[in-house]
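Hi,

Here is the structure I promised to pass on. Have a look at it first, and then read my notes below.

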Amino acid sequence: MFCSERLIIARQRRKLSGRELADRAGVTPVTVSKAENGHQVETSTVEKFADALDYPVCFFYKNGLEVVDAETVSFRSLKKMSAAERDASIAAGALGIELYDWIDKRFDLPKPDLIDLNKERSRPHVAARLLRQHWGLGDRPIGNVLKLLESKGVRVLSLSENTKNVDAYSFWRSDRPYVFLNQEKTAERSIFDSVHELGHLVLHHHAGARNDKGSEFQADQFASSFLMPEHDVKNEMSDVISPQQIIRAKKRWKVSAMALAYRLHGLNLISDWNYRSFCIHLGSLGYRSGEPDGVPRETSVALSKVLTALWTKRLTKVEIAKDLSVPIEEIESLIFGLAGPVTSTAISGRTLSLV
């Protein structure tokens with residue numbers, strides 16, 4: 001039976017309006033509207049939709065996708081993005097859920113181990129410390145943030161929207177946390193984004209998506225405190241007199257120079273005047289728009305191990321796409337920049353160890 005939700009998802013992934021799809025498919029806008037509102041359509045019309053959207057015909061006849069509710073999604077740059085960019089990103093969430101459902105049927109991934117810190121929303125620095133304590137991290141820098149998140153049951157996927165307007169977003173689905181990252185950002189920005197979204201997941205789980213300045217500030221403060229613990233920063237940088245010290249030290253916490261300067265200022269380790277002066281100097285060196293001499297980009301341990309295990313059975317991303325009845329580029333988009341190189345290392349059994 002034809003699935004209207006899948007037509008909507010495919011149209012949104014192509015960033016098309018209903019009228020634009022009608023023009024491409026050679027049908028009337030009314031036909032598209034009826035199809036998306038649950039009316040059954042003729043096979044010939046579905047074929048036109050599939051051709052216009054470059055999706056397999058069988059995609060539209062599979063069981064309904066779990067459409068991500070826009071009201072539950074925490075976006076970092078909601079005001080900057082267009083409606084088409086927002087819809088395309090959220091539609092990627094539906095495909096990402098289906099991809100991980102496919103993976104979960106074949107592999108035993110770590111169970112979520114996040115705690116509800118909603119009561120600490122007004123004190124995100126406390127929430128960051130509590131989660132670090134829960135995970136037994138102490139005050140040490142985190143070697144690989146994505147590996148840590150995945151080991152705690154967070155499903156991490158990519159947003160390859162080729163736009164700077166979409167940073168990242170996160171949501172809960174069936175008690176499983178999801179984070180989508182734009183891999184077009186610097187490695188440092190992507191790391192910070194991932195922990196910003198972790199902040200949303202633990203601080204705003206039961207508050208729904210709160211795409212406002214207050215919740216964004218809370219998630220930023222959480223990320224800053226989680227990545228750069230107060231005691232460690234104070235031990236390492238008790239006497240900061242130049243921006244060159246920030247440039248040298250930022251790699252310890254794998255953050256941007258600007259993020260470290262902000263953290264130092266927040267901890268009263270540099271004065272207001274020095275903070276402004278350092279930021280101007282760092283900006284002149286290119287640290288406001290990029291990250292010269294940046295850290296290596298982190299990749300997904302879970303996705304890399306899944307692909308490696310599948311490869312030992314001569315199964316590739318093409319077979320995943322066929323099973324899910326989606327274009328191969330959608331699978332590539334979801335794991336873009338995250339999976340890393342597939343190695344020949346075998347994995348015993350179905351359990352993926354990420355620790």
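Which residue with a positive phi follows H6? Gly136 comes after H6, and its phi is near 65°. Before going on, some housekeeping: this is a predicted model, where local features need pLDDT of at least 70 and side-chain atom pairs count only at pLDDT 80 or more, while totals for chains, interfaces and linings use all residues. Residues are numbered from 1 along each chain as its sequence is written, and side-chain values use heavy atoms, with hydrogens and water left out.

Helix H6 covers residues 124-134 (helices are DSSP runs of H or I with at least four residues, strands are runs of E with at least two, and both are numbered from the N terminus). Pro124, Val126, Ala127, Ala128, Leu131 and Arg132 of H6 are buried (under 20% relative accessible area, with exposed over 50% and partly exposed in between, using a 1.4 Å probe and protein chains only). Helix H8 (187-203) and helix H9 (213-227) are among what covers those buried residues.

Now the sheet. Four strands make an open sheet in the order E1-E3-E4-E2, with mixed pairing (two strands pair if DSSP finds at least two bridges between them). Strand E1 (74-75) and strand E2 (155-159) sit at the edges, each pairing on one side only. E2 runs parallel to strand E4 (residues 176-182), with five bridges; Val156 stands opposite Val179, and Leu157 opposite Phe180. E3 and E4 form a hairpin with two residues between them, and Ser174 in the turn has a positive phi of about 50°.

Is E4 enclosed or open? Six of its seven residues are buried, so E4 is largely enclosed by the rest of the structure.

Over in helix H14 (residues 301-311) you'll find Ala302. Ala302 is buried, at 4% relative accessible area. Ala302 and Ala50 are 252 residues apart in sequence and 32 Å apart in space, C-alpha to C-alpha.

Cheers

Technical notes. Contact = heavy atoms within 4.5 Å.
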